[in-house]
Structures are given as structure tokens and as C-alpha cells.
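Take a slow look at the fold below.

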Amino acid sequence: MDERKQRILRAIIEDYVKSAEPVGSRTIAKNYNLGISPATVRNEMSDLEELGYLEQPHTSAGRIPSAKGYRLYVDSMLSQQPVPLQDAEKIEMLWKHSNGSTSELFLNMAKLLSQVSHSMSLFLAPAHDRALIKYIHVLPLDSHQAVMVVITETGALDNELMYFTEGVSPDVLQSLAMQFSNALQNIGIGHVTAEALGTLLIHMEGPQGILMILSETLLRAINKRKLFYSVGTTELLNQPEFKSVEKVQPLLSLVEEQNQLGQLLKDDSPTPVKVKIGNENDTEALQSMSVVQADFTNQDQPIGTLAILGPTRMEYGRIIGMLSHMKHIMESMVKEQK
């Protein structure tokens, strides 16, 4: 794409992000000092539409960026500038008032990002996410209840009670528990999902009802150690794209499914801040949205993931800059605590 088309596309994106209104050629020629006439801008906009970088909503004379246009903008047009002083000061103030609590800092950072982006912010910190299961021990209390203890390479998860409607003998329970434990040995906690366990149970011998209770108890033990919160639902609903509650309902339902959301936010790419736009997101609930996320680590060990879910009409440069600065602040804080 030649430089003139890039300048016009960038101007359209920046104008649309501010106004949420389709952008016409006259607006670009008048407000962006490109040195070309509205007619020339109009011709270039037609070319950009044919190339798939712009879309024409309904019968509007203006154009809006497509997901392809936003992707080019994020990958090629955003200049690497330091985070604005005002944003940096806000982030550093949160750090000073966190009293050394990483969970409090993450919550306040999520709130700040939501306010700035007018979108929903999520924080997910799956404890022991990469730890491997060493063994699972089941201690019978009586014929109707037992305690599960999950031991990982980094320690034990919280004990979890399980209940049986019909009585189970200790010998049968121990036999099933050993089979269950052996099948999961050296499996990463992050890979233990309801779907994975369902597949596993099909190949195991014994009463499926008891095996299902073992499976459900393990998932509860893992999920209890996950720190999760979302903020900014009201901010998101105030965006023009989400005035209809029906349109945002699939997202709200998704947020309630923490396991599924945790899987969707997994991204092993080395990019410090990841951006998924529109149908780059795997689940239908997010395919009209953008997700910008950063994974926070301490010496390659995961601390958590902070993500912003909002319309594709997002102020990408500012959000990416703030997340990058937050990563720097958080990782400095963790080092100081050692």
C-alpha cells in the first residue's frame, strides 16, 4: 500500500475512534491537512474499500475501518511512543497505593483501563497454571464423603470435600482414586478442563458416576485457586456499538464461564501485548470485538493476564502503551518484594 493510502486510512481510523460516526472524504480533506482534494480522498477511499481495509455501513456516504484495516493500523502504523505522562502518573499512583498487594494493584489497574478505554477489563490469575500434577490423594471420611488432596510440583491445592449419594466402600474409592491419579500424573493444571476430563473418563474402568464426582471435585479444587474479576460492564454498555443488551449478552455469558474464558485468553506468543481483532478471536461472542491483553510474569512464572474487551473502534495506541507500562511497573514491584 502506498504512503498516501496509509495516511488516509490512518486518518479515517483516528477520526472514527473519536466520533463513532462513518467518515466522509470531505472530513478527511478538511481536518487532516493531507494536501489533497476531497475528490482524490474519495477515490482513494474507494480503493481502500476494494482492498478490504474499509467498509461502507448501510447507505452511509462515509466509511468505517474493517478488521483488516485495524490490523494493518496496529501492526504498521502505531508509532512506538512512551506512555503519556498523565497515564504514567496514574499507573504509578496505583502502585504507590497498593501497599505491596499485587491483587489490589491488578484490580485498580483493571479499573483504570476500563475508565480509559470505556470497555470491559478482566484479570485472570490461574494459580499453579503451569504446575504439573504429581498425584491426587482421596481420604474417605465415611461411606458418603471424602476429601481430595491434589499435590502439584509446586505444592498442594486446597483440600476439597466430595459427597456420594450412594455409599462407596473405602477399597472401591481408593482403587478409583489411584486410577484417576495415575491418568493425570504429570498433566499441567492449565490443561485440566471439563472437556479434557470427560474424554479421560471414557477410557477409565469403574462406576462412571463416582469417576464423574472425582472429576468435578478436581475442577472445584483448581478453580478455587483462580483469582478472577471483571470491571467495566457499564462502560461497555455505554458504547454506541453495545447499546442493545442483546448484542452484549453473549459476552456477559462468556465472562461468567471462567474456565472457557481462561482458555480463550491463553496465548503463548512472545509479543508483550497481544491484540486480537474481530474474527481473529476464536469464539463467536468476541468476533465483533477486540481483545488487547498482556501476560504478567515473574522470572517466566505467570502472575496473571490483564485484558481489555471492547469494540474494534478502540484507542489501540494508548491501551497498548498503558499495558506495556503496567508490565514494567508490576515486574519491578515483584522484584522489589524479593
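How many nonpolar, polar and charged residues does the lining of the largest cavity have? By class, there are four nonpolar, two polar and two charged residues. Here Ala, Val, Leu, Ile, Met, Phe, Trp, Tyr, Cys and Pro count as nonpolar, Asp, Glu, Lys and Arg as charged, and the others, Gly among them, as polar.

First, some ground rules. This is a predicted model, in which local features need pLDDT of at least 70, side-chain atom pairs count only at pLDDT 80 or more, and totals for chains, interfaces and linings use all residues. Residues are numbered from 1 along each chain as its sequence is written, and side-chain values use heavy atoms, with hydrogens and water left out.

Now the overall picture. The protein has 338 residues, and 45% of them count as buried. Buried means under 20% relative accessible area, exposed means over 50%, and partly exposed lies in between (1.4 Å probe, protein chains only). The C-alpha trace spans about 85 × 45 × 35 Å along its principal axes. There are 13 helices and eleven strands. These are DSSP runs, numbered from the N terminus: helices are H or I with at least four residues, strands are E with at least two. The domain assignment gives domain 1 (1-75), domain 2 (83-126 + 225-335) and domain 3 (130-222). Such bounds come from an automatic or database assignment. The C-alpha centres of domain 2 and domain 3 lie 33 Å apart.

Next, the empty space. Rolling a probe the size of a water molecule over the atoms shows where empty space is left. The search uses a 1 Å grid over the protein atoms alone. A cavity is a set of points where a 1.4 Å probe fits but cannot get out. A pocket is an open set with protein on both sides within 12 Å along at least five of seven lines. Lining residues have an atom within 4 Å of a point. Grid points are joined across faces, edges and corners, and a volume is the space filled by probe spheres set on the points.

The count comes to one cavity of 30 Å³ or more. The largest cavity has a volume of about 60 Å³. Its lining includes Leu-264, Lys-276, Asp-282 and Gln-293.

The largest pocket has a volume of about 810 Å³. It is lined by 31 residues, and Leu-78, Ser-79, Tyr-316, Gly-317 and Arg-318 lie nearest its centre. Where does the largest pocket lie? Domain 1 and domain 2 both give residues to its lining, so it lies between them. Helix α13 supplies the largest share of that lining, eight residues. α1 (3-19), α4 (67-77), β9 (273-277) and α13 (316-336) each supply at least two. The lining divides into 15 nonpolar, eight polar and eight charged residues.

Now look at the rings. A pair of aromatic rings is described by the distance of the centres and the angle of the planes. Rings of Phe, Tyr and Trp (its six-membered ring) pair if their centres lie within 6.5 Å. Planes under 30 degrees apart count as stacked, over 60 as edge-to-face and the rest as tilted. The structure holds three aromatic pairs. One of them joins Tyr-70 and Tyr-316: it is tilted, with 5.7 Å centre to centre and 55° between the planes. This pair links helix α4 to helix α13, 246 residues apart. Both Tyr-70 and Tyr-316 are buried.

Phe-106 and Phe-123 form a stacked pair, 4.0 Å centre to centre with 20° between the planes. Phe-106 sits in helix α6 (residues 102-117) and Phe-123 in strand β3 (residues 120-126). Why does Phe-106 count as buried? Because its relative accessible area is 1%. Phe-123 is also buried, at 1% relative accessibility. Phe-106, Phe-123 and Phe-296 form one aromatic cluster.

Lys-327 lies over the face of Phe-296, at 5.6 Å from the ring centre. For a charge to sit over a ring, NZ of Lys or CZ of Arg must be within 6 Å of the ring centre and within 35 degrees of the ring normal. Lys-68 lies over the face of Tyr-53, at 4.6 Å.

Finish with the loops. Most residues other than glycine have a negative phi, and most peptide bonds are trans. Ala-20 has a positive phi of about 60°, and its place is in the loop between α1 and α2. His-118 has a positive phi of about 55° and is found in the loop between α6 and β3.
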